[in-house]
Every structure is written in C-alpha cells, then in structure tokens.
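Here are my notes on this model, point by point. Have the coordinates open while you read.

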Amino acid sequence: LIIPETVEHEGIIYTVANIWNYTFKDCTGLTSVEIPNSVTIIRADSFNNCTNLFTLIIGSSVNTIDNCAFVDCTSLQTIYCHAQRPPTCNHIPGNSCEFFQNTPTDIPVYVSCFTIDQYQADPDWSQFTNLQAEFNGTFSLTVGVNHPELGTAEIVSIPEDCDSQIATVRDL
C-alpha cells in the first residue's frame, strides 16, 4: 500500500498529513506500507494488529508517532525511516510509550547515515538492535552568513553518499 500525498474529494485536493487512529487496524492483508513525505503524525493504533505487515517505509516529514501505532505488527521484517530526526512517541503523561509493541527488535531499521547517532541515542528507537545507516539522498543543510563584509554564499557541493558528509560553501 502506497498512501498518496494528496487525495481529491468533490473537486478539492487535500494533503494527507495524518494517519488517523485505527485507520488500518486489523488489516491483515497489508504486507507493505509506504507513508508519504506529506504525513507528519501517525496516530495511535493506526496499524494495530497488521500481522502480515513485512515492510514499513516512513516518510521524511513524520515527526510524531503515537503510542501503539504499530502494536502487534509481529511479521515486520524491515523498517525504512526517512525522517531526519527520530520521530518522537506521543503518549499519555505518566504512561510508558511504545509505538512498536510486540514487534521484532532485531530487524534491520534503515535510517539516514547523517542522523543514525540520534536514532541510536533515542529511547524509542534504540530498542532496535539492528539500526543500519543508509544514504537516502536527504539531509538538512543550513547556510548562514553573519558577517556584513562576506555578503552572500553559494553551495558548491553537497554530500553524495555516507562517506562524504561535508558540504562545500563559498562566498560570492
């Protein structure tokens, strides 16, 4: 299942920004899900008990995953998370938060090589013992010029793989 970034209803185009509570609960026919880059939040229990889900691809804009979003996805074999920062777990204060309850923790979870350290340090993502770095072509690059005599700058080169993590910037 590839969830679209936009949907049209009665001539109006809507951007898909949330996967709502229980949307795909008990959808045992799902084997692969690709969440688009337009989605920012995956709500509680949205993929609860999708027991035949093997592959999950999380888009780059997902910043929050609610508690139990992927509870009992017991067949998951691979996760690709393209988010530049580890999506945080949104939970009820005082309760623990697990968005991958009863999911195998030894499966490969592919994240950007530029942010794998953040995933390894995150309490919600460090449960996965097989975090893998990959170059997915996306990263954050911020250029700021704070000196009035330097003027403007241009980006000359950007990282093209995990081994070249340096961008080159020159003043104009």
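1. Some ground rules. This is a predicted model, so local features need pLDDT of at least 70 and side-chain atom pairs count only at pLDDT 80 or more, while totals for chains, interfaces and linings use all residues. Residues are numbered from 1 along each chain as its sequence is written, and side-chain values use heavy atoms, with hydrogens and water left out.

2. Back to valine 16, which sits in the loop between β2 (12-15) and β3 (18-19). Helices (H or I, at least four residues) and strands (E, at least two) are DSSP runs numbered from the N terminus. What does valine 16 touch, leaving aside neighbours within four places in sequence? Its contacts (heavy atoms within 4.5 Å) are Ile3, Pro4, Glu5, Thr6, Val7, Ser38 and Val39. Serine 38 is 22 residues away along the chain, yet the two C-alpha atoms are separated by 6.1 Å.

3. Strand β1 (residues 6-9) pairs with β2 in the antiparallel sense over four bridges; two strands count as paired if DSSP finds at least two bridges between them. Threonine 6, one of the contacts of valine 16, stands opposite threonine 15 in β2.

4. Now the open sheet: five strands in the order β4-β6-β8-β10-β11, with parallel pairing. β4 (32-34) and β11 (131-134) are at the edges with a single partner strand each, so one side of each has no neighbour in the sheet. The twist averages 15° from one strand to the next; axes here are lines fitted to C-alpha atoms (for helices, over the stretch in contact), and angles run from 0 to 180 degrees between N-to-C directions.

5. Strand β6 (residues 55-58) pairs with strand β8 (residues 78-81) over four bridges, and β8 pairs with strand β10 (residues 109-112) over two. Isoleucine 79 is the bridge partner of leucine 56, and its own partner in β10 is valine 109. For tyrosine 80, the partner in β10 is tyrosine 110.

6. How many salt bridges are there? The count comes to two, taking a side-chain nitrogen of Lys or Arg within 4 Å of a carboxyl oxygen of Asp or Glu. Aspartate 26 and lysine 25 make one, at 3.0 Å between the closest N and O atoms. Arginine 43 and aspartate 66 also meet in a salt bridge (3.7 Å, N to O). Arginine 43 lies in the loop between β5 (41-42) and β6 and aspartate 66 in strand β7 (residues 64-66), so this pair ties together parts 23 residues apart in sequence. Aspartate 66 is buried at 7% relative accessible area, whereas aspartate 26 is partly exposed at 40%.

7. Finally, the largest nonpolar core has 35 residues. Such a core is a set of buried Ala, Val, Leu, Ile, Met, Phe, Trp, Tyr and Cys residues joined through side-chain atoms within 4.5 Å. Those with the most contacts inside it are Ile35, Ile42, Phe47, Phe70, Phe100 and Trp125. Tryptophan 125 touches residues including Phe100, Val109 and Leu131.

Definitions and conventions: Buried < 20%, exposed > 50% of the residue type's maximum accessible area, 1.4 Å probe, protein only.
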